[in-house]
Amino acid sequence: MEALYMQTNSVIQETQQCFQRLNDVRYDSGEIEQDIEKKITIVNGNCDRLDVLLFKVPVAQRQNAKMRVDQLKYDIRHLQAALKLYQDKKQRRAAELAERESLLNKRFTANAETSIDIDYSLQHHNSMQNAHRGVDEMLWTGSSVLDGLKSQRETLKGARRRIMDVGSTLGLSNQTMKMIERRLVEDKYVMYGGMFVTSVIIFLIIYFWIL
């Protein structure tokens, strides 16, 4: 295990040195980037093997050995993050250069048609005037309808008032007729009563006169 650990640590140091040459124009950054990726793959494989070998280390030394392996894992993760950051910056820089090159190579030509479309503006103005006129007509029609409704409302109110007056008159006449009929019935009862009383008196007078 010790030999594998030393080998893995040596590969990590070589990877760190490769990062120092990435920004050096004397070296091919593409080849260095590929070399770094290969070394990172080797270190990850060695760390997996070291995790297995930890179980063969004596218990007294296992904790110290695990800490050393964890340090290797931390270092390689740091190098992976640095490589990812470098690749992202490289892609953004390449995209910016491509966009700049595209703008520099783009040719701008004058417009073939330079006349001003006055007809469209006139048509738009006429359409707005027609719309304005249509709105005015709608408002005038609405006002006329409202006036007609108001007139009909007054007419209906007058008719309703006359109907109520006629109804009141009819109600009064009906009440008078009922009073007259009731008075006739009462007079008839009084007449019959008077006739009966008169007959009784005449009968009594004749009866006592004869006696």
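The dialogue below takes up the model, its salt bridges and its helix packing.

Q: What kind of model is this, and which pLDDT do local features need?
A: This is a predicted model, in which local features need pLDDT of at least 70 and side-chain atom pairs count only at pLDDT 80 or more, while totals for chains, interfaces and linings use all residues. Residues are numbered from 1 along each chain as its sequence is written, and side-chain values use heavy atoms, with hydrogens and water left out.

Q: How many salt bridges does the structure hold?
A: Side chains of opposite charge can pair when their charged atoms come close. The structure holds seven salt bridges, each being a side-chain nitrogen of Lys or Arg within 4 Å of a carboxyl oxygen of Asp or Glu. Among them is the pair of Glu 2 and Arg 68, whose closest N and O atoms are 3.0 Å apart; this pair links distant parts of the chain, with Glu 2 in helix 1 and Arg 68 in helix 3, 66 residues apart. Helices here are DSSP runs (H or I, at least four residues), numbered from the N terminus.

Q: Is Glu 33 buried or exposed?
A: Buried means under 20% relative accessible area, exposed over 50%, and partly exposed in between (1.4 Å probe, protein chains only). Glu 33 has a relative accessible area of 13% and is therefore buried, whereas Lys 90, at 31%, counts as partly exposed. Their side chains meet in a salt bridge (3.3 Å, N to O).

Q: At what angle do helix 1 and helix 3 pack?
A: Helix 1 (residues 2–22) and helix 3 (residues 59–105) pack at about 25 degrees, with their axes 11 Å apart, so helix 1 is roughly parallel to helix 3. Axes are lines fitted to C-alpha atoms, for helices over the stretch in contact, with angles running from 0 to 180 degrees between N-to-C directions; angles under 35 degrees count as roughly parallel, over 145 as roughly antiparallel, 65 to 115 as roughly perpendicular and the rest as oblique.

Definitions and conventions
Helix = DSSP H or I, 4+ residues; strand = E, 2+ residues; numbered from the N terminus.
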